[in-house]
Amino acid sequence: MAEASLLDRSRTIAGPGYNRWLIPPAALAIHLAIGQAYAFSVFKKPLGALLSGDPNAPAPADWTPAQLGIIFSIAIVLLGLSAAIFGKWLERVGPRKAMMASALCFAGGFFIASLGVHLHNLWIVYFGYGVVGGIGLGIGYISPVSTLIKWFPDRRGVATGMAIMGFGGGAMIASPLSVALMDHFKASGTGSLGVAATFLALGVIYLIFMQFGVWTIRVPADDWAPAGYVPNPQHSALITSNNVSADNALKTPQFWLLWVVLLTNVTAGIGVLETASPLIQDTFSEKYMGAGRGVTAAAAAGFVGLLSLFNLLGRFFWSSASDKLGRKTTYGIYFGLGIVLYALIPTLGNTLQLTLYVVVACVIISMYGGGFATIPAYLSDLFGKYQVGAIHGRLLTAWSTAGVLGPLIVNFLHESRKAEGFTGAAAYQTVFYTMAGLLVVGLLANFAVTAVNDRYNEKGPVEAEAGGH
Amino acid sequence: MNQPSATSSAAPENSSSGALFLAWAFVGIPLIWGVSQTFVKALTLFQ
């Protein structure tokens, strides 16, 4: 029999003495890298002016904002699809091989996109960053999840919250880094406004950075448990000690209820994120606030930055809190409090209460981030840890759906109100009331979640099967 | 801090606190840099 490759699951089993707190940094190395996707918008202006060379005056043959928007959409759709398709493969081969595949796809996507920019061929950019890079996003996103849950059965929310927080933090690193690289390469006269060279550089940087995760990650031995670990100390019916396979999970109502929970939470959050900059500028413009007191474009960028911070913090805070509160209660808070806050936003806008408006938006976005970070632990509670990575991957199709649905709903409602002659906060009123309505659907779906029926449970030991060792 | 308590066929791997520090620094430094950049940008909202 051929010797197992260093990437094989059997070569990643931690020996006695391995410190489990090395696993979150390994997971963060992957999520901080792929979180770059959320910073892709920094390339939109230069990519839209490659022929003219002036981002403020694109040539007629330059790529349009709509054409460029498709790049990110393809990447997010591929994220969901690849997470769903490769989840079971990941459970079989282990996190190291999956992380390596993710690193190669994500970096490879940049290399191909760089060629597309150099040749000014948008289809190559779609294929590179969108398809190949998107596959890297999907595999990378789910690659550390089940491993973290196995290492931290006593703190599932904390562990997954730390990793998924990295996805939010990745954009914060990538945005200033990309701008600095573009400025550098533009000044060096590399052409294409420095974008092609920046894509190449980012590909190399992320490929190296992600190797830290690849070679640090370990899976625990099948019989490993944290010292003094007591399974299900709260004796909650919603925390199982059984295991459900990814295929069987799809047959349960619980999976689809959580799919609706994630869909509604993400769609509503995108409603705020998608419109954040124009929203605050339109609502608190000089027309309503008085001369010199309106929110400027620079201040609006600050608002977007603040939302990013709360998106990041919410991922860790809410997910960690869910270890104490329970997942169902935590989602109950997201939806219950969310309904009130979303419904309050138009009133705060109409009455020009800027500070309160910002605070409410930050709380809303913290719960949007929290929704992403808490879902793996919720799945693990309900379906066990056997194939939780694969189940999580399949659930992420809800994110892809929300990524398409959210902006569509928001743009349609906003444009409709504007066409009716509404301006300022009133132009966004139906957006927020509709999002509050969506959260009611999410609240009901969450309320309906119960323990999974025993008939879906795996019979006999499953860890050896999953681990292949 | 919990350590593995159960038996394993793999060789022992005693993780030093230095390795732990380096691992967290490797991901923590870029993250703190990114967060600080965003924080500075966010401050413009209050100016």
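Modeller: Start with charges. This is a predicted model, and between chain A and chain B the count of salt bridges is zero.

Biologist: How many residue pairs are in polar contact between chain A and chain B?

Modeller: Two residue pairs, both at pLDDT 80 or more.

Biologist: Which elements of chain A give two or more residues to the side that touches chain B?

Modeller: Helix 1 (23-34), helix 7 (156-187), helix 8 (195-216) and helix 12 (297-325) of chain A do. Helix 12 of chain A gives the largest share, ten residues. By residue class, that side of chain A has 34 nonpolar, seven polar and four charged residues.

Biologist: What area is buried between chain A and chain B?

Modeller: About 3400 Å², with 70% of it from carbon and sulfur atoms. On the chain A side, Pro16(A), Asn19(A) and Trp21(A) lose the most area to chain B, together 15% of what that side buries.

Biologist: Which element gives the largest share of the lining of the largest pocket?

Modeller: Helix 12 of chain A, with seven residues. Among the other elements that give two or more residues to this lining is helix 1 (17-43) of chain B. The lining divides into 24 nonpolar, 13 polar and three charged residues.

Methods. Residues are numbered from 1 along each chain as its sequence is written. Chains are lettered from A and ligands numbered from 1 in the order in which they are written. This is a predicted model: local features need pLDDT of at least 70, side-chain atom pairs count only at pLDDT 80 or more; totals for chains, interfaces and linings use all residues. Side-chain values use heavy atoms; hydrogens and water are left out. Buried area is the accessible area (1.4 Å probe) that two parts lose on being put together, summed over both. A salt bridge is a side-chain nitrogen of Lys or Arg within 4 Å of a carboxyl oxygen of Asp or Glu. A polar contact is a pair of N or O atoms within 3.5 Å; within protein, one must be able to donate a hydrogen and the other to accept it, and residues adjacent in sequence count only if both atoms are side-chain atoms. Helices (H or I, at least four residues) and strands (E, at least two) are DSSP runs, numbered from the N terminus. Ala, Val, Leu, Ile, Met, Phe, Trp, Tyr, Cys and Pro count as nonpolar, Asp, Glu, Lys and Arg as charged, and the others, Gly among them, as polar.
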